[in-house]
Amino acid sequence: MSKKKILCIVCIVLIILVYCYYKIILIHRNNNLFAKNSIKYAEENENPIFKLEKILVYSDANIEDLSSNSDLSNINISQFTDFAIYIDNKSKYNNLTAENTINNVYIDNISLTPTSIGEQKVYFKNIKNFCKYEKIVDGVNKIEYKTIHKNNEKTDENVFFTDASEPLILSYVNENIIKDIDVSTSNEKLTLDGSMLKYLNVNLNDLKYKISFKINIENNLGEKFVCDCSLNINLESSEGGIYTGYIMQIYDMKNLNYIFRKIG
C-alpha cells in the first residue's frame, strides 16, 4: 500500500475519531444542561415567584328600562360577571424585593366559548365599580394595566400596584340576552337584578361559558413570567345561583398549581 493511501486512511480515521469525540462531548453537555434545567424548573414549581391565589367572581344581571314612562313596559336585560384576580407574590419571599414586585402586567389571549343568546364582550373595570354593571361598547382580547409604584400616584385609571396588594379586574358582559320585553303588568314584586331571569324563565344553561386568558408579568428585574388560566362559569348553585339576585363565587387557585412560568 502506498504512503498516500496510508496517509489518507489515517486522516479519515482521525476525522471520524474527532467527530465521535465531538458528538460525545455535545451529548454530555446537552444532558448536563437538561439536568440543570430540570432541577431549576422543579425548584421554580416548588417555590414560584408568582402564582394565582384566588379569583373572586361576581355575577348579576342589569335591567335597562327603555319605556317612555319608566313602567317596565320595554326592558332589555344583560348578564354581567366581574372577575377580581389575586396574585400571590409572597410564596417564595415574605418581604418585597425587585424579584417579586411587578413592573408591568397585562392579560391577553382572552377567549370565550359562545353562549346561545346575547352578545359577549370583555373589558377592564375600575375596582371601585366592581359588582356594578358597566356597558361595554367594544370588547377586547387584551387588557393592559398601569403599574403603580408609589401610593401617591394617580389611581383612577385601570391600575395595578407593584406589590400586588390589589387584584386585576376583568369584566364580562353578555348584552341583550332579553330584548323588548313588557313586564309592566306583572302581579309579582319584581327586583331589577338576576332574579328577573327566573321570572322570565331564562335557562341558565344558555348563559354558561368558559373564559380563558393569559396573564403576563414583568418584575422589577426585567424577568418575564406567564400563567395560563381558564374558568368554567356556571350561574347555578344549590342555593339558586343568579336566580336569587346575584351569585358570588370564590375560586381557590392555590392548590391548582396555577403558577407563573418564567419565560425570560
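Predicted model: local features only at pLDDT ≥ 70, side-chain atom pairs only at ≥ 80, totals over all residues.
Close-up 1. Phe83 is, with Leu52 and Ile215, one of the residues with the most contacts inside the largest nonpolar core, which has 49 residues. Such a core is a set of buried Ala, Val, Leu, Ile, Met, Phe, Trp, Tyr and Cys residues joined through side-chain atoms within 4.5 Å, where buried means under 20% relative accessible area, exposed over 50% and partly exposed in between, with a 1.4 Å probe and protein chains only. Among the elements that give two or more residues to this core are strand 1 (51–65), strand 2 (75–88) and helix 2 (195–199); helices (H or I, at least four residues) and strands (E, at least two) are DSSP runs, numbered from the N terminus. A second, separate core of eight residues includes Tyr58, Phe130, Ile169 and Val173.

**Close-up 2. The aromatic pair of Tyr58 and Phe80.** The ring centres of Tyr58 and Phe80 lie 6.2 Å apart with the planes at 45°, so the pair is classed as tilted; rings of Phe, Tyr and Trp (its six-membered ring) pair if their centres lie within 6.5 Å, with planes under 30 degrees apart counted as stacked, over 60 as edge-to-face and the rest as tilted. Because Tyr58 lies in strand 1 and Phe80 in strand 2, the pair ties together parts that are 22 residues apart in sequence. Both residues are buried, and ring pairs link Tyr58 and Phe80 with Tyr133 and Tyr246 into a cluster.

**Close-up 3. Lysines over tyrosine rings.** The charged end of Lys54 sits over the ring of Tyr86, 4.8 Å from its centre, and that of Lys142 sits over the ring of Tyr106, 4.6 Å from its centre. The criterion is that NZ of Lys or CZ of Arg is within 6 Å of the ring centre and within 35 degrees of the ring normal.

**Close-up 4. Ser70 in a loop.** Ser70, found in the loop between strand 1 and strand 2, has a phi near 55°, a positive value in a residue other than glycine. Ser70 is exposed, with a relative accessible area of 57%.

**Notes.** Residues are numbered from 1 along each chain as its sequence is written, and side-chain values use heavy atoms, leaving out hydrogens and water. Local features need pLDDT of at least 70 and side-chain atom pairs count only at pLDDT 80 or more, whereas totals for chains, interfaces and linings use all residues.
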